[in-house]
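Here are my notes on the model you sent over, as numbered points. Have the structure open while you read, and start with the charged pair in the opening point.

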Amino acid sequence: MIQPQTHLNVADNSRTRELMCIRVIEAMIKEAIPNTPLERLEVIRAVIVYTRKELKCDNGMIIRYDDNATVVIDQEGNSKGTRIFGAIARELRQLNFTKIVLLAPEVL
Amino acid sequence: MISDIVNVIFYLGNCVLLVNLRRMRLEKCWFCSSTVYPGHGIQFVRNDAKIFRFCRSKCHKNFKMKRNPRKVKWTKAYRRLHGKDMTHDSTFEFERKRNRPERYDRNLAENTLKAIKKIDKIRSDRASDHIKNRLKTGKVQRQKEARKQLEQGIHLVKAPHALAQDSSLCLPKIKVNVSQAQTEENQPMEE
């Protein structure tokens, strides 16, 4: 369950490595690869794509990931990175994160 | 043949229903190899994006315990590995995973359903024959051993005729007089 202060991994190549959730909408970069446009301790938006807690899809499928991970997005909901690692749940398409779903190598 | 229908329009009487159908696929449980029907089980996505599907929590928990299905006796993986179940057969060729969706054709669908039934029957017959053949040698062995035991221990066995004669071993035979058959008239109930 993701709460404020939860540290989350980042599943795309947007040069951030780890985020901390500060609000359910926004997250703060805790750790970033140096010399990148994104600064440490910058507040950004991210969408959670993997949870260790099971996610129940409306077709009855239950998915659990090994990790809690996010994808960094901008204000409109487009991902900041250009690649996404790992399989993404189909629910993201319904929540209007179509760009992320398109980038994903596999959609469950 | 698996239809990957995303939007299907049903005409129900004179109203139109737009239904968003997900693709449905029968998966195999990673641990025990049984089929996972939609709505059952849990899928676990590892960090290397490998997806593990489990049919029930038993398999899921075994996986979490890091057990190797090839060593767990009740799984199909173990049984196939140790020759308990049939491994090579032409009926398995029909069940390959197909990723190209096929356009719905009524005849094709009908024939496929018939074929599935028949192939299933053939496969299960062959599988049970395999098991029967495997157990045959054991049965023969047991009969041989039983015969040997009988020969060796014949002095312990009492002949059936002698058993009947021995009054300590059977119940005494009592003669019972059967009353005459009652007439079919309705007898008044005993108070």
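1. Start at Lys76(B), which counts as partly exposed because its relative accessibility is 30% (buried means under 20% relative accessible area, exposed over 50%, and partly exposed in between, with a 1.4 Å probe and protein chains only). Its partner is Asp85(B): the two side chains meet in a salt bridge at 3.0 Å, N to O (a side-chain nitrogen of Lys or Arg within 4 Å of a carboxyl oxygen of Asp or Glu). Asp85(B) is buried, with a relative accessible area of 10%.

2. A word on ground rules. This is a predicted model, where local features need pLDDT of at least 70 and side-chain atom pairs count only at pLDDT 80 or more, while totals for chains, interfaces and linings use all residues. Residues are numbered from 1 along each chain as its sequence is written, chains are lettered from A and ligands numbered from 1 in the order in which they are written, and side-chain values use heavy atoms, with hydrogens and water left out.

3. How is chain B laid out? Chain B has four helices and six strands, and from the N terminus the order is β-β-β-β-β-β-α-α-α-α. These elements are DSSP runs, numbered from the N terminus: helices are H or I with at least four residues, strands E with at least two. Of the 191 residues in chain B, 16% are buried. Take contacts (heavy atoms within 4.5 Å) between residues at least 6 apart in sequence: in chain B, 40% of these join residues at least 24 apart.

4. Over residues 29-67 of chain B, the chain is 21% helix and 26% strand, with the end C-alpha atoms 14 Å apart.

5. Now look at Phe31(B), in the loop between β3 and β4 of chain B. Is Phe31(B) buried or exposed? With 0% relative accessibility, Phe31(B) counts as buried. Setting aside neighbours within four places in sequence, its contacts include Arg53(B), Cys59(B), Asn62(B), Arg67(B), Pro69(B) and Val72(B). The C-alpha atoms of Phe31(B) and Thr75(B) are 6.9 Å apart, although 44 residues separate the two along the chain.

6. What about the rings? Over all chains, a search of the whole structure finds nine aromatic pairs (rings of Phe, Tyr and Trp, using the six-membered ring of Trp, with centres within 6.5 Å; planes under 30 degrees apart are stacked, over 60 edge-to-face, the rest tilted). Phe31(B) and Trp74(B) make a tilted pair, with 5.8 Å centre to centre and 45° between the planes. Phe31(B) is in the loop between β3 (27-28) and β4 (35-36) of chain B, and Trp74(B) is in the loop between α1 (57-64) and α2 (76-81), so this pair ties together parts 43 residues apart in sequence. Trp74(B) counts as partly exposed, at 36% relative accessibility. Ring pairs join both into a cluster that also includes Trp30(B), Phe44(B), Phe52(B), Phe54(B) and Phe63(B).

7. The charged end of Lys58(B) is over the ring of Trp74(B), 4.0 Å from its centre. For Lys50(B), the ring is that of Phe52(B), and the distance is 5.1 Å.

8. Arg53(B) and Glu27(B) form one at 3.6 Å, N to O, linking strand β6 (residues 51-54) to strand β3 of chain B across 26 residues. Both Arg53(B) and Glu27(B) are buried. Another network of salt bridges takes in Lys28(B), Glu95(B), Asp120(B) and Arg123(B).

9. In helix α3 (residues 106-152) of chain B, Glu110(B) and Lys114(B) are four residues apart, which means about one helical turn between them. Their side chains meet in a salt bridge at 3.9 Å, N to O. Glu110(B) is partly exposed at 40% relative accessibility, whereas Lys114(B) is exposed at 54%.

10. Last, the interface: 16 residues of chain B are in contact with 17 residues of chain A. The area buried between the two chains is about 1500 Å², with carbon and sulfur atoms giving 50% (the accessible area, 1.4 Å probe, that two parts lose on being put together, summed over both). How many salt bridges cross the interface of chain B and chain A? The rule finds zero.

Terms used. Lys NZ or Arg CZ within 6 Å of the ring centre and 35° of its normal.
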